[in-house]
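Subject: Structure for you to look at

Hi there,

Here is the structure I promised to pass on. Please open it alongside this note, and I will walk you through what turned up.

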Amino acid sequence: MKHLGTGIGWRPEIADAVERMPGIDWVEAVAENLCPGHLPDSLLRLRERGVTVVPHGVSLGLGGADRPDETRLAALAERAEALGSPLVTEHIAFVRAGGPLTASQPLEAGHLLPVPRTRDALDVLCENVRIAQDALPVPLAVENIAALISWPGEEMTEGQFLHELVERTGVRLLIDVANLHTNHVNRGEDPAKALDELPVEAIAYVHVAGGFERDGVWHDSHAHPVPEPVLAILSDLASRVSPPGVLLERDENFPAPRELERELDAIRERVRTKAPVAGECVTVTAKAADGAATATESARQRLALAQTALLSALVAGTPAPEGFDRARLTVQSRALTGKRADVVAKVAPELPEILGKAYRAEFSSYAQARPMSGGYRRDALDFAERLLLAGQPENAEARGRLTQWWLERSGPAPLDARPVTRWLRAARFALRRG
């Protein structure tokens, strides 16, 4: 496995600062935010300097009941090739549910949700990982996620689940020590025990990030400084194995570059002072599949039903599935709505500008009645359409601006200036309101 060194999550907001930071060996970029034919100039300059760039996927849903989408896999492969990356990474999570396996409405979480640590879920995950490995031009590493909720009836610990996943597939691991801390606070799981059970020799690299605690719940925000408990877990991990790479994640609320550099220095210090002398990366290969279980269609369907019931409770207001902590489901549901509003505001910044302080309340009301099923751009259009059909906003000027915004973006091609085109699109509103 390639030695990566110390890196930082590349984001457009800090692109210039990252280029100037000393000692940056590599960066990680969100795969879905990159267009292979039009890579950001900043990433191209970093690559020319010899800085490794790793695409990090967030939407594949390897832990979901469905097989990985071929189009999404092809897109991830294309980004790895365009960047000359030594590997690609994704998450052990599900991000959507419903659809043909359950004969129900497809639902999107807009967030990474935990898979149950059961035999069914492991069989499905292993098969999905193998499908992804076959479709990608470089090795795959998968990340443990942070969770607010626990599944009832789990059959394995996280360490046991990941250990068997590696044994059966040979996949690499991206271990997020901030997520181990999150699961310690939210689910009572001991980070040291998880590290005891993990195949640490399979680690491709490590994530470090910050968060905050509210009412006894830890939120993995990626918008706050890295706290000492997370650094302590990094020290524990580094005392067991020398990780090929360590990366600082920060997604928003960016501090001054010098503050990020101080966090990177603290991370380097934890790894440098704790690393074992013999820290060579061991090659991991999957065991022979003699007698190994594969995901049956019945296992996929059972997992699909369970995940759809949970996601429906979180985003569509259906009753909580039996065995779940209802209070935690409420916290998770609010967090999903909040993130959905935040991402829509980034995708369509005109909406909070037009609506002002009413944006979040209006969006929350919309989200409770309309689960997301077509991505954030579609969500932004549907939100605006719902407001306009209800005669909102009340302010005529704001309603006019919102109408114009919707008209310019709702068709298959940009709105042209011909009056007949404007009339035809506007007529759609009149028909629906009638």
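Predicted model: local features only at pLDDT ≥ 70, side-chain atom pairs only at ≥ 80, totals over all residues.

Because Arg401 sits in helix H15 (residues 396–409) and Glu353 in helix H12 (residues 350–355), the pair ties together parts that are 48 residues apart in sequence. Arg401 itself counts as partly exposed, at 37% relative accessibility.

Some salt bridges share partners: Arg117, Glu154, Glu158, Arg187 and Glu189 are joined into one network that way. The count for the model comes to 29 salt bridges.

Two other pairs may interest you:

- Glu127 and Arg67 form a salt bridge whose closest N and O atoms are 3.4 Å apart. This pair links distant parts of the chain, 60 residues apart: Glu127 belongs to helix H4 (residues 119–135), while Arg67 is in the loop between strand S3 (52–56) and helix H3 (70–83). Glu127 has a relative accessible area of 17%, so this residue is buried, whereas Arg67 is partly exposed at 42%.
- Arg258 and Glu261 meet through their side chains in a salt bridge of 3.3 Å, N to O. Both belong to helix H9 (residues 257–274), and because they are 3 residues apart, about one helical turn separates them. Arg258 counts as partly exposed, at 41% relative accessibility, and Glu261 as buried, at 18%.

Now for the chain as a whole. It has 16 helices and 12 strands. Of its 434 residues, 53% count as buried. Among the contacts with a separation of 6 or more, 75% are between residues 24 or more positions apart. The chain exposes about 19400 Å², and carbon and sulfur atoms supply 51% of that area.

By class, the lining of the second largest pocket divides into 9 nonpolar, 7 polar and 6 charged residues.

How many cavities of 30 Å³ or more does a search of the whole structure find? The search finds 3. The largest cavity has about 110 Å³ of space. Its lining includes Ile92, Pro114, Val115, Asn144 and Phe161, along with Arg117, Glu158 and Arg187. Arg117, Glu158 and Arg187 also take part in the salt-bridge network described above. Helix H5 (residues 158–169) gives the largest share of the lining of the largest cavity, 3 residues. By class, that lining has 7 nonpolar, 1 polar and 3 charged residues.

Happy to talk any of this over whenever you like.

Best wishes

Methods:
Residues numbered from 1 in each chain as written. Heavy atoms only, no water. Salt bridge = Lys/Arg side-chain N within 4 Å of Asp/Glu carboxyl O. Helix = DSSP H or I, 4+ residues; strand = E, 2+ residues; numbered from the N terminus. Buried < 20%, exposed > 50% of the residue type's maximum accessible area, 1.4 Å probe, protein only. Contact = heavy atoms within 4.5 Å. Areas by Shrake-Rupley, 256 points an atom, 1.4 Å probe, with all protein chains shown as cover. Nonpolar A, V, L, I, M, F, W, Y, C, P; charged D, E, K, R; others polar. 1 Å grid on protein atoms, 1.4 Å probe; cavity = no way out; pocket = protein on both sides within 12 Å on 5 of 7 lines; lining within 4 Å. Points joined across faces, edges and corners; volume = space filled by probe spheres on them.
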